[in-house]
Amino acid sequence: QVQLVESGGGLVQPGGSLRLSCAASGSIASINAMGWYRQAPGKQRELVAHLTSDGSTIYADSVKGRFTISRDGAKATVSLQMNSLKVEDTAVYSCNADVTTWNTMRDTYWGQGTQVTVSS
């Protein structure tokens with residue numbers, strides 16, 4: 001069993017910054033990739049940023065240059081630094097992890113989500 005716990009969401013004014021963190025725990029043998037997705041009201045969930053174990057990153061075009069994903073491998077934690085936030089960044093942000101467990105099963109796990117609201 002693997003658990004992902006997110007933190008760091010909240011209310012921020014346009015142009016402000018927030019940092020989201022996601023801590024993975026449980027029967028983890030290795031983490032192959034971690035990422036952040038978001039879902040705004042009335043919209044489909046979309047990829048925000050993705051980071052593989054070899055350091056490769058993918059960002060949504062809408063966040064390039066503003067958001068940075070990073071990982072603390074020793075702590076099985078992934079963070080998303082969000083700068084120059086816009087009203088359209090408002091969404092529920094969820095952490096995602098591609099994990100191989102100690103019984104060699106590989107699966108994708110999700111956190112519970114954290115609300116980010118950008119508003120003046």
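Biologist: What makes the pairing of the Arg106 and Asp98 side chains a polar contact?

Modeller: The distance, in this predicted model. The two side chains come to 2.7 Å. The cut-off is an N or O pair within 3.5 Å, one atom able to donate a hydrogen and the other to accept it. The pair of Arg106 and Asp98 therefore counts as a polar contact.

Biologist: Which residues does Arg106 touch, leaving out those up to four places away in sequence?

Modeller: Asn32, Asp98, Val99 and Thr100. Arg106 itself belongs to strand 10, residues 106–110. Ala33 is 73 residues from Arg106 in sequence, yet their C-alpha atoms are 11 Å apart in space.

Biologist: Why is Arg106 called exposed?

Modeller: Its relative accessibility is 55%. Exposed means over 50%, so Arg106 qualifies.

Biologist: And Asn96: buried or exposed?

Modeller: Buried. Its relative accessible area is 8%, and buried means under 20%. Asn96 sits in strand 9. Beyond its neighbours within four places in sequence, Asn96 contacts Leu4, Ala33, Met34, Gly35, Tyr37, Thr108, Tyr109 and Trp110.

Biologist: How do you know that Cys22 and Cys95 form a disulfide?

Modeller: Their sulfur atoms are 2.1 Å apart. The limit is 2.5 Å, so the pair passes. The structure holds 1 disulfide. Cys22 is in strand 3 and Cys95 in strand 9, so the bond ties together parts 73 residues apart in sequence.

Biologist: What is the handedness of that link between Cys22 and Cys95?

Modeller: Left-handed, with -80 degrees about the S-S bond. Cys22 and Cys95 are both buried.

Biologist: Which residues have the most contacts inside the largest nonpolar core?

Modeller: Leu4, Met34, Trp36, Leu80, Met82 and Tyr93, in a core of 33 residues. Elements giving two or more residues include strand 1 (2–7), strand 4 (28–39) and strand 8 (77–82). Strand 9 gives the most, with 5 residues.

Biologist: Which residues does Met82 contact beyond four places in sequence?

Modeller: Gly16, Ser17, Leu18, Leu20, Arg66, Phe67, Tyr93 and Val116. A contact needs heavy atoms within 4.5 Å.

Biologist: How do you know that strand 9 and strand 11 pair?

Modeller: By counting bridges. Strand 9 and strand 11 share 3, in the antiparallel sense. A pair needs at least two, so these strands qualify. Ala91 stands opposite Val116 of strand 11.

Biologist: In which sense does strand 2 run with strand 11?

Modeller: Parallel. Strand 2, residues 10–12, is joined to strand 11 by 3 bridges. Val12 has Val118 as its bridge partner in strand 11.

Biologist: Which residues make up the covered face of strand 11?

Modeller: Thr114, Val116 and Val118. Gln115 and Thr117 form the uncovered face. In a regular strand, side chains alternate between the two faces of the sheet.

Biologist: What is the phi of Ser84?

Modeller: Positive, about 50 degrees, although Ser84 is not a glycine. Most residues other than glycine have a negative phi. Ser84 is in the loop between strand 8 and strand 9.

Biologist: Why is Ser84 called partly exposed?

Modeller: Its relative accessible area is 40%. The limits are 20% and 50%, so Ser84 falls in between.

Biologist: What makes Thr104 count as exposed?

Modeller: Its relative accessibility of 63%. The threshold is over 50%, so Thr104 passes. Thr104 lies in the loop between strand 9 and strand 10. Its phi is positive, about 65 degrees, though Thr104 is not a glycine.

Definitions and conventions: Residues are numbered from 1 along each chain as its sequence is written. This is a predicted model: local features need pLDDT of at least 70, side-chain atom pairs count only at pLDDT 80 or more; totals for chains, interfaces and linings use all residues. Side-chain values use heavy atoms; hydrogens and water are left out. A nonpolar core is a set of buried Ala, Val, Leu, Ile, Met, Phe, Trp, Tyr and Cys residues joined through side-chain atoms within 4.5 Å. Buried means under 20% relative accessible area, exposed over 50%, partly exposed in between (1.4 Å probe, protein chains only). Helices (H or I, at least four residues) and strands (E, at least two) are DSSP runs, numbered from the N terminus.
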